[in-house]
Amino acid sequence: MSDPTFNIDELPVPFKPGQTILEAAKAAGVFVPHLCHHPDLKPHGGCKLCTVVVNGRTQSACTYKAAAGQEVDVDTPELDAMRRSLVQMLFIEGNHFCPGCEKSGNCELQALGYEYEMMSPHFVEFFPNREIDASHPDAMIERNRCILCERCVRASRDLDKKNVFGIAGRGGKATLVVNSPSGKLVDSDFAVTDHAARVCPVGAILIKRVGFERPIGERAYDRAPMSAEVEVCEIPESGS
Amino acid sequence: MNEALAPKTPVKVRLATTSLAGCFGCHMSFLDIDELIFEFAGIAEFDRSPFTDIKHCGPCDIALIEGGVCNAENVHVLRELRANAKILVAVGACAINGGLPAMRNHLKIDDILRKVYADPERGGSTVPNDPELPLQLDKVYPINEVVRVDYFLPGCPPSGEAIWKYLTDLILGRMPRLERQIFHYD
């Protein structure tokens, strides 16, 4: 028997029972933008970039299960405008200076900015001053670029079984914290071989000494837009 | 119209440019349009710009602003261009979000000036206080936090190709857009 289907932007998409809308769309080659979602991690539903309209109601595609006969809107001017605003708010909340960031070109936040033609961050800049942790010999944390997607939190807890990262504080004071007596990465169980070292969508967790191994202009999103579904939250193998 | 009064040549687009807290990289990139500058000269002329060394801006059609706003002089220049230009474009990362100069924003300007100019260990004595020197602002601001901005052209710098595409779109009355290949924040 063939798989049941639901509709994305009026086109039928097959799904396996239990799949989320995002997973089914990806399997069918339909781009649904996402930022906090990572295929190897449990869905989080935090960034809301994957917001779609399911039978007239907005839902997070990364957490909402596909069901037969659903009418899902993904690519509409209203949703795209909302996504652009979300990306703009993420930009102004942190210090996202692409020209000075070694993640530029491999950054998923930046790629979404391109995807939605964000010409400026629009809102008033926060210019926060958050702590940088370069204590670890092999990796560093640049919190000014952290977007609190919790990918590292989930990867460390669920894949590495180490529970190195967490989010502390609320609202504008929420920040990435490290589970160690000193609060420094060097005193934690973190190792550069951890999954948590490689899942950051932005330049907040960086592995040292590999930053410019691949020159700017030749990186993942320099070659293809994010909607072409390139997976890049991997540091090149030769670098580890 | 009386033929004697009719303009002999088509009216040219008048363009002003300036660099505030920037590195002039966007202006250098403008010159990367190479021989297209001749085509440009056929349809446009410069008002106030580092290319002409005209000191003050008159009424013009388009103003291109490079760099963020870091001191009082930047504010005056930016307001002058805004008052005179029909269309004001923020060009490059610094004009759009403060860019690299804005990386000083988490430090107190007082501490920065003392450290740079008045630290005896580094051979300094006093912070310069000549009235000719523009006063530094507390932070480096994107230009859209100081004046109204009509369009944004990102890049560090935007390539000559991107600047040409954007300018010609504007001059021809199209909604300016950049193809993905020339659309970069870095």
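**Two chains, one predicted model**

Let me start with chain B, which has six helices and seven strands, where helices (H or I, at least four residues) and strands (E, at least two) are DSSP runs numbered from the N terminus. Residues are numbered from 1 along each chain as its sequence is written, and chains are lettered from A and ligands numbered from 1 in the order in which they are written.

Along the sequence, the elements of chain B come in the pattern β-α-α-β-β-β-α-β-α-α-β-β-α, and its C-alpha trace spans about 70 × 40 × 30 Å along the principal axes. Of its 186 residues, 39% count as buried; a residue is buried if 20 or more other C-beta atoms lie within 10 Å of its own, exposed if 12 or fewer, and partly exposed in between, with C-beta atoms placed from the backbone. Among the contacts in chain B with a separation of 6 or more, 77% come from residues 24 or more positions apart, a contact being two residues whose C-beta atoms, placed from the backbone, lie within 7 Å. One backbone detail in this chain is the peptide bond from B:C156 to B:P157, which is cis with omega near -10°, and B:P157 sits in the loop between β7 (151-153) and α6 (160-171).

Turning to chain A, five strands form an open sheet of mixed pairing in the order β2-β1-β5-β3-β4, where two strands pair if DSSP finds at least two bridges between them. Because β2 and β4 of chain A stand at the edges with a single partner strand each, one side of each is left without a neighbour in the sheet. Within it, β1(A) and β2(A) run antiparallel and are joined by four bridges, with A:N7 standing opposite A:P12, whereas β3(A) and β5(A) (residues 71-73) pair in the antiparallel sense over two bridges, with A:V54 and A:V72 as bridge partners.

Which residues take a positive phi around the hairpin of β1(A) and β2(A)? The hairpin has two residues between the strands, and A:D9 takes a positive phi near 45° there, while A:E10, in the loop between β1 (5-8) and β2 (11-14), has a positive phi of about 75° although it is not a glycine. A:E10 is exposed, with 8 other C-beta atoms within 10 Å. A:N55, likewise not a glycine, has a positive phi of about 45°; it is found in the loop between β3 (51-54) and β4 (57-60) of chain A and is exposed, with 12 other C-beta atoms within 10 Å.

Is helix α3 of chain A buried or exposed? Eight of the eight residues of this helix (residues 108-115) are buried, so it is largely enclosed by the rest of the structure. Those buried residues, including A:L109, A:L112 and A:Y114, pack against α2 (77-93) and α5 (220-223) of chain A, and just after the helix A:E117 takes a positive phi of about 50°.

Finally, the interface: 17 residues of chain A are in contact with 22 residues of chain B. By class, the side of chain A that touches chain B has 10 nonpolar, six polar and one charged residues, with Ala, Val, Leu, Ile, Met, Phe, Trp, Tyr, Cys and Pro counted as nonpolar, Asp, Glu, Lys and Arg as charged, and the others, Gly among them, as polar.

Methods: This is a predicted model: local features need pLDDT of at least 70, side-chain atom pairs count only at pLDDT 80 or more; totals for chains, interfaces and linings use all residues.
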